[in-house]
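Please walk through this structure from its overall make-up down to single residues. Keep the sequence at hand while you read.

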Amino acid sequence: MMRKEWWVLIGAVAVVWLLFQLETMLMPFIAGMILAYLSDPLANRLQRLGLSRALAVCGVFFILTLVLGVALLVLIPLAVQQVRQFGLMIPGIFEWVETVLAPQIRGWTGLDVAADLDNVQETLAEHWQDAGGYLAQFLGQIGRSGAAFLAWVTYFALIPVVTFYLLLDWDRLIVNLRNLIPRRLEPDAVRLSLRCDEVLSAFLRGQLLVMLTLGAIYAIGLTVMGLRFGLLIGMLAGLASIVPFLGFIVGISVALIVAFFQFGSWVALLGVVIVFTIGQIIESVVLQPKLLGDRIGLHPVAVIFAVLAGGNLFGFTGVLLALPAAAVIMVLLRELNERYKRSSLYDADKKERRNEDSP
């Protein structure tokens, strides 16, 4: 008779094979599951205020729709406009590098970077001008491939539907899954699942709020000081903040370059430094302790590796699964490490001392 461990291994292989086979189709269901997981605490809070589960879910969807509508109507058009303005600013940056920076580099090192710079400028300008043509060509191919276009529209349209029904029955689904666990394994399974939930919720919900808050602080601060592309730089820095310090490094680097070309004064550069310093202080003193604390434990390198590995293996579906899978794997590795530290394999002398002390 085949041992139980082999059945577990066969089941895991079957799940991986299904993920490969159904990668595109699974996207709306996985996205809906993640959105339902993130929205469940808000729905529970509305229920505690006296609303039924259905009304609480409708309230959550109203809030999400309102936030998405504001982003589509206000932020995205401004960001697109600033991207176009940045494209018009690129030739001036190259001219400054060619007329001012390149001669200084030649005087310091003896290297002539002007020729290479001309090639880079021509290539960038050519691709920048052709970007609209490539986009039109891509949209045309999508339009000609009616079945593929209809499939993607259907998948994205399914995300709110799947989210609604999963969120409506989320607590019931959790109870049913718990009842399926063998009674002998239930205590350990529940304990590990709670640890996974603590890590994952702290990272996804907490880091999302940190990213939004930092992006807003950077965007408002840079815009108030009159810096061009302040909204775009703030959004970029906020998104990059999913990895600690990456948003600060990327944002302040781009902001300093733009401030130098726009104002050409040390006062403007000092203003950029002050804005990002305020953001870092707020993150360290308020956001990190209140929203994240010590519960995450996901190393920045592990986050980057998980996202890249998931994307290479399963495409966009893999990107969605990357962080939840990384959180679960990290909790399981911690559990294995704790059990290993308590085992006789790690400390054989402890077992011998325990046997000597026993009557």
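The text below goes from the whole chain to helix packing, and then to individual residues and aromatic rings.

Start with the source of the coordinates. This is a predicted model. The protein has 12 helices and zero strands. Read along the sequence, the pattern is therefore α-α-α-α-α-α-α-α-α-α-α-α. Of its 359 residues, 28% count as buried. Contacts also reach across the sequence. Take those between residues at least 6 apart: 71% of them join residues at least 24 apart.

Helix α7 covers residues 186-224. Its axis lies 7 Å from that of α8, and the two helices pack at an angle of about 155 degrees. Angles over 145 degrees count as roughly antiparallel, so α7 is roughly antiparallel to α8. Their crossing is right-handed. Which residues of α7 and α8 make the contact? On the α7 side they are Met211, Gly215, Tyr218, Ala219, Leu222 and Thr223. On the α8 side they are Gly230, Leu231, Ile233, Gly234, Ala237, Gly238 and Leu239. Sorted by class, this contact of α7 with α8 has eight nonpolar residues, five polar ones and no charged ones.

Helix α8 runs over residues 230-240, and helix α9 over residues 246-262. The angle between α8 and α9 is about 160 degrees, and their axes are 7 Å apart. By the cut-off of 145 degrees, α8 and α9 are therefore roughly antiparallel to each other. Is the crossing of α8 and α9 left-handed or right-handed? The crossing of α8 and α9 is right-handed. From α8, the residues in this contact are Ile233, Leu236, Ala237 and Ala240. They meet Leu246, Gly247, Val250, Gly251, Val254, Ala255 and Val258 of α9. By class, the contact of α8 with α9 has nine nonpolar, two polar and no charged residues.

Phenylalanine 229 sits in the loop between α7 and α8. Its phi is near 60 degrees, a positive value in a residue other than glycine. Is phenylalanine 229 buried or exposed? Its relative accessible area is 4%, and the cut-off for buried is under 20%, so phenylalanine 229 is buried.

Leucine 231 lies in helix α8. Leucine 231 has a relative accessible area of 13%, so it too counts as buried. Leave aside its neighbours within four places in sequence. Leucine 231 is then in contact with Leu75, Leu78, Ala79, Gln82, Ala219 and Thr223. How far apart in space are leucine 231 and alanine 219? They are 4.5 Å apart, C-alpha to C-alpha, and 12 residues apart in sequence.

Alanine 31 gives another case. Alanine 31 lies in helix α2, residues 23-48. Its relative accessible area is 10%, so alanine 31 is buried. Alanine 31 and isoleucine 159 are 128 residues apart in sequence. In space, C-alpha to C-alpha, alanine 31 and isoleucine 159 are 6.5 Å apart.

Finish with the aromatic rings. A search of the whole structure finds five aromatic pairs. One of them joins phenylalanine 164 and tyrosine 165: the ring centres are 5.4 Å apart and the planes stand at 90 degrees, so this pair is edge-to-face. Phe164 and Tyr165 form one aromatic cluster with Phe61. Tyrosine 165, at 52% relative accessibility, counts as exposed. The cut-off for exposed is over 50%.

Note on methods: Residues numbered from 1 in each chain as written. Predicted model: local features only at pLDDT ≥ 70, side-chain atom pairs only at ≥ 80, totals over all residues. Heavy atoms only, no water. Phe/Tyr/Trp six-rings, centres within 6.5 Å; stacked < 30°, edge-to-face > 60°. Buried < 20%, exposed > 50% of the residue type's maximum accessible area, 1.4 Å probe, protein only. Axes fitted to C-alpha atoms, helices over the stretch in contact; angles between N-to-C directions. Helix = DSSP H or I, 4+ residues; strand = E, 2+ residues; numbered from the N terminus. Parallel < 35°, antiparallel > 145°, perpendicular 65-115°, else oblique. Left-handed = near helix turned anticlockwise from the far one by under 90°. Contact = heavy atoms within 4.5 Å. Nonpolar A, V, L, I, M, F, W, Y, C, P; charged D, E, K, R; others polar.
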